[in-house]
Amino acid sequence: MIISVVILGAPYSTQAPATALRFAKSAIAAGHTIHRIFFYHDGVNCANELIIPAQDEIHLPNEWQSIAKENTIDMVVCIASAIKRGVIDPTEASRYEKPASNLKDQFEISGLGQLVDASIHSDRVITFGP
Amino acid sequence: MILHTINKSPYSSAIFNDCLRLCSDGDAILFIEDGVYATQQGTDSYQLIEQHPEVNFFALAPDLEARGLTSDQAKVLTVDDNGFVELAVKYQKVQSWY
């Protein structure tokens with residue numbers, strides 16, 4: 001089955017990105033395909049390369065990065081949600097004349113159309129709320 | 001048939017009540033994260049679970065364990081993360097309440 005996941009909660013202040021990660025790993029292990037992870041609202045903070053958790057805590061941005069890399073999962077960050085929270089790629093940094101960008105590798109900034117597209121191309125869309 | 005997920009404690013949110021009002025016969029409710037507090041016997045939310053035999057109730061085991069809770073297997077079945085995936089596949093839609 002083709003499954004897409006929507007993450008609305010911020011890492012470390014809600015459980016959403018951690019629960020979604022466990023769900024995605026189990027789905028892949030069961031032979032399902034994860035088509036896209038859509039990071040929306042506070043969920044976009046998962047794509048911040050500058051996040052440094054304590055050493056004995058799970059590194060959620062790194063976990064998402066590796067699962068995406070190993071399974072070629074499309075990871076899309078909502079542009080409207082991202083830029084207002086200071087999560088920007090080099091293109092947005094130059095557009096808004098910012099001195100740096102912080103979007104993590106494997107993540108891509110795009111629009112809500114990608115969420116619509118994910119629901120069209122997936123058998124299930126599972127939302128993990130804040 | 002729909003799989004509803006509930007991630008808030010019944011002590012901090014009314015989503016369990018709201019969700020039950022919209023549940024159809026044969027739907028399932030899976031308690032995740034702080035939602036698992038609804039599964040404890042002797043509480044108002046457990047009474048609601050008992051009053052709705054037409055709904056299948058599940059609770060996510062890792063979230064119960066993380067909170068030092070267990071669930072009574074008679075009314076609320078415990079599932080692990082693989083079981084969550086199986087439920088999402090078995091039911092035609094997943095509706096998240098948060």
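Cysteines and their chain

A: Chain A has an accessible surface of about 6200 Å², and carbon and sulfur atoms make up 51% of that surface. Such areas are computed by the Shrake-Rupley method with a 1.4 Å probe, and for residues only the protein chains shown count as cover. The model is predicted, so local features need pLDDT of at least 70 and side-chain atom pairs count only at pLDDT 80 or more, while totals for chains, interfaces and linings use all residues. Residues are numbered from 1 along each chain as its sequence is written, chains are lettered from A and ligands numbered from 1 in the order in which they are written, and side-chain values use heavy atoms, with hydrogens and water left out.

Now the cysteines. Over all chains, the structure holds zero disulfides, a disulfide being a pair of cysteine sulfur atoms within 2.5 Å. Cys46(A) is in no disulfide, and the nearest cysteine sulfur to it, that of Cys78(A), is 14 Å away. Cys78(A) is likewise in no disulfide, its nearest cysteine sulfur being that of Cys46(A), 14 Å away. Cys46(A) is buried, with a relative accessible area of 0%. Cys78(A) counts as buried too, at 4% relative accessibility. Buried here means under 20% relative accessible area, exposed means over 50%, and partly exposed lies in between (1.4 Å probe, protein chains only).

As for overall form, chain A has a radius of gyration of 14 Å, which agrees with the value near 14 Å for a compact globule of 130 residues. That radius is taken over C-alpha atoms, and the globule rule is 2.2 Å times the number of residues to the power 0.38. Along the principal axes, the C-alpha atoms of chain A fill a box of roughly 45 × 35 × 25 Å. Among the contacts in chain A with a separation of 6 or more, 79% come from residues 24 or more positions apart, where contact means heavy atoms within 4.5 Å.
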